[in-house]
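Hi everyone, thanks for making time for this. I'd like to walk you through one protein model, taking a few regions in turn. Here it is on the screen.

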Amino acid sequence: MGLYYSYFKEIAIDSSSFIQGFRSILFDNRTEAPTTINVLERFNLYPEVVLSLIYHFMRSKNMLNEQCYRVDRGENISPILSCEGHKEPTYFYVTSVFILNGCLLGLLFLFATYLSKSILGGILTVLAYMFNHGEATRVMWTPPLRENFSFPFHILQLYAITYVLQQQQYQTLINQNIFKSFVGYIKKHDITIDPPQNSISSRRKMQLIFILCGSTVLYMLPWQFAQFTLATQLLSLGILFIFNLLPSEQFFFILCTQLLSLIISVIFMFGNRMLLTSLFSMILFSFYLVCIFDNLCRYLSSSIFQSYRLIIILRRIFFFSFAFIFIKFIIIDLLFKSPDDDAHIWDILKSKLSSKYRTFDTQLYTCAKEFDFIDLDTIKKLCRTGLLPLSFIIILRIVYDFLLDIFQNNNKQIWIYYHVIQACAYILMGIFIMRLKLFPVPQLCLLISLFMNEQLWPKRILAVKKWKIVLFIIIVIGMTIEGRKNIKEQLNIKGEYSNYPMEKMIDWINENTANNSIFAGTMPTMANLKLSTRRSIVVHPHYEHAKIRRRVKLLYSMYSRKPLRYIHSILKDFQVNYYVYESHWCTIDNRPKGCSFPEMYDLDEIDERILRRTTLACHTLQTNPTPYFRKLFTHDYLSIYAVL
């Protein structure tokens with residue numbers, strides 16, 4: 001968390017003006033010393049840039065205030081000055097994140113109301129989200145996470161996609177006014193959609209392009225993982241297109257808008273290579289070529305080949321497979337000699353599917369709880385609130401209609417089919433990586449709003465008076481029994497953070513080291529050190545770049561079986577002045593099997609002499625650091641060594 005906030009602090013507080021702070025992150029030599037990088041190209045840092053601009057403006061207009069207190073912390077601990085109010089940067093930053101995620105709840109209500117054509121559906125979704133809030137987000141624990149800035153715009157982007165899909169023909173696109181329809185509910189008791197017109201104005205078409213493109217860009221810029229979820233979105237829409245349920249004109253319209261979004265995002269991120277070579281880019285261009293080939297076949301092929309759905313399906317699958325392989329293994333490999341920035345993602349998936357495939361990088365991820373498979377407790381919690389049972393009823397109901405439409409070619413409700421396919425993709429992601437459960441939980445909350453959609457119910461039920469109100473009350477009562485307990489548990493969680501050894505170390509660094517000193521150590525500690533001391537660091541927690549993964553593996557070898565002189569030579573190559581050592585990282589017994597650093601390094605080690613060593617480099621550092629290191633500071637588990 002400290003890494004991203006450090007850039008907000010650098011632009012908003014440490015710089016005399018916004019322009020000076022912005023320039024400092026374009027040419028940054030403190031994050032990956034001794035090299036200089038463009039932070040905006042490497043990281044998804046636009047949330048901090050925007051918040052810094054707002055903070056500078058509000059502070060210059062005296063719109064912010066704060067109140068400070070002296071806090072005595074007991075004997076032998078120095079008192080501190082604690083401030084509250086939005087002039088205090090941490091308050092301003094965290095409040096901004098909470099406001100954005102508060103808007104998410106309102107957006108879910110509007111989206112679910114539009115999706116179900118009933119305000120009762122919107123209320124169901126909001127209640128489901130609140131009752132499962134602990135499983136739907138991590139904003140209350142770690143506000144600076146990229147997902148907290150990005151996910152609200154993902155819901156907005158899904159809203160725009162849904163509106164596009166609700167138009168049965170591209171020629172009638174955006175003739176319906178969703179806001180007018182929503183207001184219509186206030187006057188009536190169900191939302192009605194105006195009948196489509198035969199013409200489309202260029203102005204209204206541009207409005208939809210702006211909404212869809214804008215929400216996609218706002219979703220992609222704050223979070224590097226957004227491109228993977230957008231890839232699943234294109235695959236979900238592509239399935240509907242391949243089965244000839246989604247009209248090619250509509251699909252091509254979405255592809256062109258997404259292509260524009262990708263271009264804008266790449267420009268804003270200064271040609272970010274991970275985005276250019278991402279799975280989203282490859283799928284986008286593959287389907288773009290499929291649509292072009294498909295149009296050519298319409299003109300060149302005989303009517304026989306256009307009338308059989310099986311031929312259309314097979315043709316589109318073949319074109320997509322060929323285009324994807326061509327782009328992945330020929331074009332990208334030619335343009336980028338080493339397009340391996342997202343290689344660790346595929347390695348993680350391999351390790352999930354096969355227990356025999358393990359590397360240092362995969363273990364560094366999968367040994368963390370949030371990257372493990374979803375646990376049974378989470379599934380039980382979602383079942384007790386009724387979210388899983390209710391949403392699966394809706395999924396089964398829609399799958400039945402989907403299969404009928406495939407064979408009967410009715411194409412009645414492709415927008416609902418899309419959300420079910422998308423939900424299945426998110427569920428699969430959440431099962432493999434527990435951290436990603438923030439995608440399936442809100443999506444399932446949206447799906448249960450469809451209980452209030454009259455299109456999904458037979459006429460015999462619709463004929464029953466007040467059936468919708470009765471069903472709504474039954475569902476709410478069922479969810480509330482466990483949901484109230486979850487909300488109380490969330491509200492009762494209170495605590496404070498204290499890390500006195502880290503505080504002592506930071507004080508020592510500020511008093512005893514030069515401003516241009518370069519430090520090495522573990523990723524989380526280096527992020528905190530950069531935030532609190534403004535010293536240069538060599539590694540950081542942003543692990544999504546091949547270069548930094550190689551650095552981490554080299555520098556973490558302090559906790560491997562390699563000799564101390566080898567680690568010393570690595571640190572000298574990076575011009576490191578001080579090494580921060582954490583004793584608890586050197587132990588094996590306090591970690592699950594296969595998750596200690598010696599075991600992780602053994603996976604990739606090919607030198608038998610190293611594998612036979614029983615002494616770890618960190619043990620040697622503690623007992624006999626000379627002639628490579630000299631201990632300068634120690635407090636509890638933290639020590640600082642000068643690199644000689």
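Let's begin with E582: its bridge partner in β7 is L638. This is a predicted model, where local features need pLDDT of at least 70 and side-chain atom pairs count only at pLDDT 80 or more, while totals for chains, interfaces and linings use all residues. Residues are numbered from 1 along each chain as its sequence is written, and side-chain values use heavy atoms, with hydrogens and water left out.

A word on names: helices (H or I, at least four residues) and strands (E, at least two) are DSSP runs, numbered from the N terminus. Two strands pair if DSSP finds at least two bridges between them. Strands β5 (residues 578–582) and β7 (residues 638–643) run antiparallel and are joined by 5 bridges. Helix α25 (residues 500–512) packs on the sheet, where it touches β3 (518–520), β5, β6 and β7. The direction of α25 makes about 130 degrees with that of β6; axes are lines fitted to C-alpha atoms, for helices over the stretch in contact, and angles run from 0 to 180 degrees between N-to-C directions. Helix α26 (residues 523–533) also packs on the sheet, touching β3, β4 and β5.

So what is the strand order in this open sheet? The 5 strands go β4-β3-β5-β7-β6, with mixed pairing. At the edges sit β4 (536–537) and β6 (629–635), each pairing on one side only. β6 pairs with β7 in the antiparallel sense, over 6 bridges, and K631 stands opposite Y641 in β7. Their hairpin has 2 residues between the strands, and D636 there takes a positive phi near 60 degrees.

Is β7 enclosed or open? Since 6 of its 6 residues are buried, β7 is largely enclosed by the rest of the structure. Buried means under 20% relative accessible area, exposed over 50%, and partly exposed in between (1.4 Å probe, protein chains only). Both faces of β7 are covered, with L638, I640 and A642 buried on one side and S639, Y641 and V643 on the other.

Next, a buried serine in a loop. S560 lies between α27 (546–555) and α28 (564–573), and at 1% relative accessibility it counts as buried. Its side chain reaches the backbone oxygen of S557 at 2.6 Å. Leaving aside neighbours within four places in sequence, S560 is in contact (heavy atoms within 4.5 Å) with Y601, L616 and A617.

Now over to helix α2 (residues 18–26), where F18, G21, I25 and L26 are buried. Seen down the axis of α2, these buried residues fall within an arc of 145 degrees, so they line one face of the helix; the arc is that of the directions from the helix axis to the C-beta atoms. They pack against α1 (2–14), α3 (39–42) and α4 (46–60).

Another serine, S52, is in helix α4 and counts as buried at 0% relative accessibility. S52 and F18 are 34 residues apart in sequence, but 7.2 Å apart in space, C-alpha to C-alpha. Leaving aside neighbours within four places in sequence, the contacts of S52 are F8, I11, A12 and F18.

Last stop: the nonpolar cores. A nonpolar core is a set of buried Ala, Val, Leu, Ile, Met, Phe, Trp, Tyr and Cys residues joined through side-chain atoms within 4.5 Å. In the largest one, of 157 residues, F439, M558 and Y579 touch the most other members. Helix α21 (residues 414–432) gives the largest share, 11 residues. Apart from this core lies another, of 31 residues, among them Y4, I25, Y55 and L221.

Notes: A polar contact is a pair of N or O atoms within 3.5 Å; within protein, one must be able to donate a hydrogen and the other to accept it, and residues adjacent in sequence count only if both atoms are side-chain atoms.
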